[in-house]
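Colleague: Please take me through this model one feature at a time, with the general idea ahead of the particular case.

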Amino acid sequence: MSTVTSGTGQVAPAAPATPANLPLRKRPIDIFFLVMFSLFVVTCIISDAIPTLGIPQTATTTNILAQWNYTYSSQYDPLYQAEPLWLRFITGTSAFVYLPFYVLLIVCLAKGFNWIQIFAVIYATMIISLTAIPIFGVEFFGPVGERTPHPIIFLLYNGPYVLVPLLLLIRMRKPLPFTRRF
């Protein structure tokens, strides 16, 4: 297709049309992301907001979310149970920055809003560099009192929080991510 320019009368090629987004049902990876990030919303509320807000995580607390956190951390995650200040900054970022992003991402995945791509790349990079590296580093190589006594169980609980963003980063590697299956 071409168009005639008004001033010169020359024929100029038309801009190529942007390909249409695929419907969600043809993007199974995005359905997977919808499910996972919906779960991440819930876990942000349960596990990240509690220490950030300073709610005590003890066996005798009356807060059910804090009890769940205590049950997990007392068995598998002594670093999380110790609540160092730097970790509260990370959980605070998760509870008050990542959580709203997850909601926005869910909407964009469902609707196919391609503009989320750059924000998804920023998010995934932040998770991997600012969350996974320090936490996993301490959990596996830190002082004995902060290391997880059960690495496999720790990875089963926490691995998805690194693997899913890494997969999202791969998904968002090219422009117009919702115009292709992956």
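Modeller: Let us begin with Glu-83, which sits in the loop between α3 (78-82) and α4, where helices are DSSP runs of H or I with at least four residues, numbered from the N terminus. The model is a predicted one, in which local features need pLDDT of at least 70 and side-chain atom pairs count only at pLDDT 80 or more, while totals for chains, interfaces and linings use all residues. Residues are numbered from 1 along each chain as its sequence is written, and side-chain values use heavy atoms, with hydrogens and water left out.

Colleague: What is the phi of Glu-83?

Modeller: Most residues other than glycine have a negative phi. In Glu-83, however, phi is positive, near 50 degrees, and the residue is partly exposed because its relative accessible area is 23% (buried is under 20%, exposed over 50%, partly exposed in between, with a 1.4 Å probe and protein chains only). Leu-176, likewise not a glycine, has a positive phi of about 55 degrees; Leu-176 belongs to the segment after α7, and its relative accessibility of 31% is why it counts as partly exposed.

Colleague: How many salt bridges does a search of the whole structure find?

Modeller: Taking a salt bridge as a side-chain nitrogen of Lys or Arg within 4 Å of a carboxyl oxygen of Asp or Glu, the search finds two. Asp-30 pairs with Arg-27 at 2.7 Å, N to O, and both of these residues are buried. Asp-30 also pairs with Arg-171, with 2.8 Å between the closest N and O atoms. Asp-30 and Arg-171 are both buried, and through shared partners the salt bridges join Arg-27, Asp-30 and Arg-171 into one network.

Colleague: At what angle do α1 and helix α2 pack?

Modeller: Two packed helices are described by the angle between their axes and the distance between the axes. Here α1 and α2 (residues 64-76) pack at about 95 degrees with their axes 9 Å apart, the axes being lines fitted to C-alpha atoms over the stretch in contact and the angles running from 0 to 180 degrees between N-to-C directions. They are therefore roughly perpendicular, a label that covers 65 to 115 degrees. On the α1 side the contact (heavy atoms within 4.5 Å) is made by Ile-45, Ile-46, Ser-47, Ile-50 and Pro-51, and on the α2 side by Leu-65, Ala-66, Trp-68 and Asn-69.

Colleague: Which residues touch the most other members of the largest nonpolar core?

Modeller: In soluble globular proteins, nonpolar side chains tend to be buried together. A nonpolar core is here a set of buried Ala, Val, Leu, Ile, Met, Phe, Trp, Tyr and Cys residues joined through side-chain atoms within 4.5 Å. In the largest, of 25 residues, Phe-37, Tyr-102, Tyr-123 and Leu-168 touch the most other members, and the elements giving two or more residues to this core are α1, α4 (85-111), α5 (117-141) and α7. Apart from this core lies another, of twelve residues, among them Tyr-72, Tyr-76, Leu-79 and Val-138.

Colleague: Is Phe-141 buried or exposed?

Modeller: Phe-141, which lies in helix α5, counts as exposed because its relative accessibility is 71%. Leaving aside neighbours within four places in sequence, Phe-141 is in contact with Phe-136 and Arg-147.

Technical notes: Angles under 35 degrees count as roughly parallel, over 145 as roughly antiparallel, 65 to 115 as roughly perpendicular and the rest as oblique.
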